[in-house]
Amino acid sequence: MIAVVLVAALPRAAAADDPCWVSHRHGAYPACFDPGNRLHLDLTSDGVGAGIRLRHVVGADDPDVSWRLEHEIASVRATRGAIRAVAYAGRFVRHSTDGHVVLPFGRPRKLFLPFDIGAEAEVGSLRGDTSGGSLHLGVVRGAALIDLSRAGNFRRRLAIGAAARWDIEVDGDSRTARAHAVAPLSLAALDLRAESRSGLTSAGLRAEVGGVWSTDVGWRRWVGADAEIERVLVAVQDRPLSVFVGGSFEPEDESVSGLVGLRLAPLIRVPGRRASSIDD
Amino acid sequence: MAGAAAVFLCCTAWPAPALADGAAMPSMDPSRPVLCIDAASPDGQRWRVQCDENSKTCLWSPDGEVDRSGVVKRDLERARSCTPAPASYLTERKTGGYQLVRALPDAPYGWERDERGRVYQVNFDLKRRLYLGAAWAPSRVAGETEAGRTTFDFGLLVWEHLRRSRSPTRHRLRLVEGEARLAPYSASLVLAHYDVSRHYDNPLVRITTFFGRPRRSDLTLHLGTWVEAGGLELHGEDQGNARLWKVATGHLTIDLWQSADLESYARARAGVGFEGASQDGLGDRSAVTPGGALESELTLDKRGFHHLGAEIEHERPRYIEGSEGTAERTRARVHYEVIVIALNDQPLSLRLSAGAEKRDDIPGLADRWALTAQAGLRFSLWAPPRAQ
């Protein structure tokens with residue numbers, strides 16, 4: 001069904017003066033892509049990956065309010081001896097041109113606030129090595145966010161907030177839980193993203209810093225971060241091929257890792273509509 | 001020219017716009033038409049006007065959000081379109097003896113406006129939301145008090161839908177809902193929950209008695225179903241970590257009392273489930289678990305600010321593999337949630353709960369009553385106004 005949605009989002013109608021479509025005597029071709037609506041396959045310096053991303057805007061009765069919803073489904077990255085996977089991750093941001101807080105005491109009062117409100121949810125994540133070592137199973141992660149960028153689109157994000165998570169460290173050999181870790185909104189979360197108007201270039205940074213309580217050592221420091229820059233270089237049959245550079249700071253062992261890879265999006269939404277070709 | 005004269009008359013005879021105290025101002029009725037009059041004030045402001053023939057009153061407000069000095073800065077949010085009217089409309093009303101009263105612009109159901117015309121939500125449906133919360137959760141077990149215990153709870157999706165008909169039906173869906181507690185550790189999660197309540201218009205059985213004058217008595221049973229799948233409980237014990245997988249549970253429900261919209265109820269439910277349990281060093285076992293509960297959820301006010309719930313549940317796992325015999329689980333809980341603030345119309349609520357639990361299905365857990373309490377905050381996303 002997801003594939004059907006993505007295929008349905010591919011260009012179909014004809015329209016002129018669309019900067020995302022370039023006319024050509026053999027037919028118009030796209031110059032913009034939507035990196036938030038795609039099925040992607042990754043070939044990295046030390047492994048492979050894949051995932052589905054969807055994002056869409058849901059309107060409200062008030063034209064000044066909209067919901068920006070982003071979903072990542074079945075995201076997997078396998079490297080030599082290690083695997084990272086997320087069953088579902090979602091980000092839900094309520095964008096309003098008028099941020100405010102309401103104090104509902106007596107007659108409700110309204111105070112101005114300069115940010116949007118949102119939340120993140122992640123269910124079923126897995127990090128670990130496949131050679132029998134430990135596996136880190138993220139049962140659930142949630143975060144309440146404020147987005148200071150207040151962008152009316154998906155291209156900019158400057159969000160901070162408080163995150164909660166529940167993780168289980170599983171012994172790879174015995175397949176039993178070695179430790180359980182809980183962060184009851186005790187993590188500060190940062191989420192930055194920038195994306196060019198054409199969608200050809202994008203960059204993101206996510207970080208979590210704070211304390212996590214675990215059954216083996218009690219409270220401990222938790223620092224984790226992921227960053228990635230991606231640039232589309234070519235498109236084959238209107239399917240973009242991009243290069244990306246990523247890095248992460250693993251919270252469990254506080255190690256740094258990086259990778260370079262190629263990303264093919266066999267299914268991707270193209271913004272705008274196809275322009276008429278010269279021959280038409 | 002005539003129009004200009006009308007505007008002059010209107011605006012010299014009627015008060016100029018100024019910021020007033022919102023608490024003292026009436027609000028325009030959102031169910032009645034609103035007129036818009038261009039250049040109705042001396043500074044050319046466009047007004048929204050709503051006149052009432054019975055009270056000989058015209059409510060007016062600037063047709064836009066104003067700053068502290070009363071100058072319109074932007075359009076009204078969530079405002080209905082208004083019907084254009086000439087400036088002479090107000091003059092005619094003045095001649096007819098109408099009183100002009102500064103008012104708050106009309107706002108849709110579930111919303112209000114302040115004196116500057118800014119809109120905000122004052123009615124929340126906490127049965128449609130995703131939430132994340134944290135709480136102080138002390139407990140007392142076998143004479144020992146764990147005063148520093150904390151917890152966080154979450155719900156990826158809480159969604160209820162009322163299908164209105166002669167026999168209205170309310171569907172309740174909850175996905176990925178649970179909580180994790182620390183010091184000492186335990187956690188619970190339910191991947192999917194669905195239950196349905198129905199108010200049957202036709203009685204299940206009608207009994208006619210023929211002692212003297214024939215009389216009819218109706219027996220109405222509001223039956224429903226309650227299903228959970230993918231339940232998980234984790235307990236960190238001195239004897240090793242214990243895991244309880246509630247694969248699937250199905251109950252039949254009887255609503256003992258229902259509110260008109262079925263949002264509030266008191267009901268009994270009973271049924272059976274299948275579960276598997278394991279503990280470090282003790283191996284796996286599985287059980288068929290009959291159980292039942294008495295539970296109630298009440299929404300105490302029309303705006304959806306106050307919610308009260310109570311539950312008494314008993315389960316009796318009957319082991320069919322890996323162990324023999326039966327175990328007992330009994331728990332009771334009462335909880336209250338109240339919205340205390342809203343950030344960008346997304347509610348932050350205070351949640352209080354108290355409960356007791358007694359169980360002997362997990363070796364290492366004290367087979368005594370464990371008393372628990374919680375006091376914390378929940379942040380909810382979505383929570384639109386409740387259905388009218």
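## A guided tour of chains A and B

Begin at Lys56(B), placed in the loop between strand 2 (47-52) and strand 3 (57-62) of chain B. Helices (H or I, at least four residues) and strands (E, at least two) are DSSP runs, numbered from the N terminus. Residues are numbered from 1 along each chain as its sequence is written, while chains are lettered from A and ligands numbered from 1 in the order in which they are written. The model is a predicted one, in which local features need pLDDT of at least 70 and side-chain atom pairs count only at pLDDT 80 or more, whereas totals for chains, interfaces and linings use all residues.

Most residues other than glycine have a negative phi, and most peptide bonds are trans. Lys56(B) is not a glycine, yet its phi is positive, about 55°. Is Lys56(B) buried or exposed? Lys56(B) is exposed because 12 other C-beta atoms lie within 10 Å. The classes are as follows: a residue is buried if 20 or more other C-beta atoms lie within 10 Å of its own, exposed if 12 or fewer, and partly exposed in between, with C-beta atoms placed from the backbone.

Select next Asp345(B), in the loop between strand 24 and strand 25 (346-359) of chain B. Asp345(B) also has a positive phi, near 65°, in a residue other than glycine. Asp345(B) counts as buried, because it has 28 C-beta neighbours inside 10 Å.

The peptide bond joining Ala183(B) and Pro184(B) is cis, with omega about 0°.

**The barrel of chain A**

Display chain A, which has one helix and 16 strands. Of its 280 residues, 37% are buried. In which order do 12 strands of chain A close into a barrel? The order is 3-4-5-6-9-10-11-12-13-14-15-16, with antiparallel pairing. The twist from one strand to the next averages 20°; axes are lines fitted to C-alpha atoms, for helices over the stretch in contact, and angles run from 0 to 180 degrees between N-to-C directions.

Strands of a sheet pair through backbone hydrogen bonds, either parallel or antiparallel. Two strands count as paired if DSSP finds at least two bridges between them.

**Where the chains meet**

Show both chains together: 37 residues of chain A are in contact with 36 residues of chain B, contact being a distance within 7 Å between C-beta atoms placed from the backbone. Among the strands of chain A that each supply at least two residues to this side are strand 6, strand 7 (100-103) and strand 12 (177-195). Strand 7 of chain A pairs with strand 24 (residues 329-343) of chain B in the antiparallel sense, over two bridges. Val102(A) has Ala342(B) as its bridge partner in strand 24.

End at Arg94(A), in strand 6 (residues 82-96) of chain A. Why is Arg94(A) buried? Because 22 other C-beta atoms lie within 10 Å, Arg94(A) is buried. Leaving aside neighbours within four places in sequence, the contacts of Arg94(A) include Trp67(A) and Asp116(A), together with Asn344(B) and Gln346(B) of the other chain.

Methods. Two residues are in contact if their C-beta atoms, placed from the backbone, lie within 7 Å.
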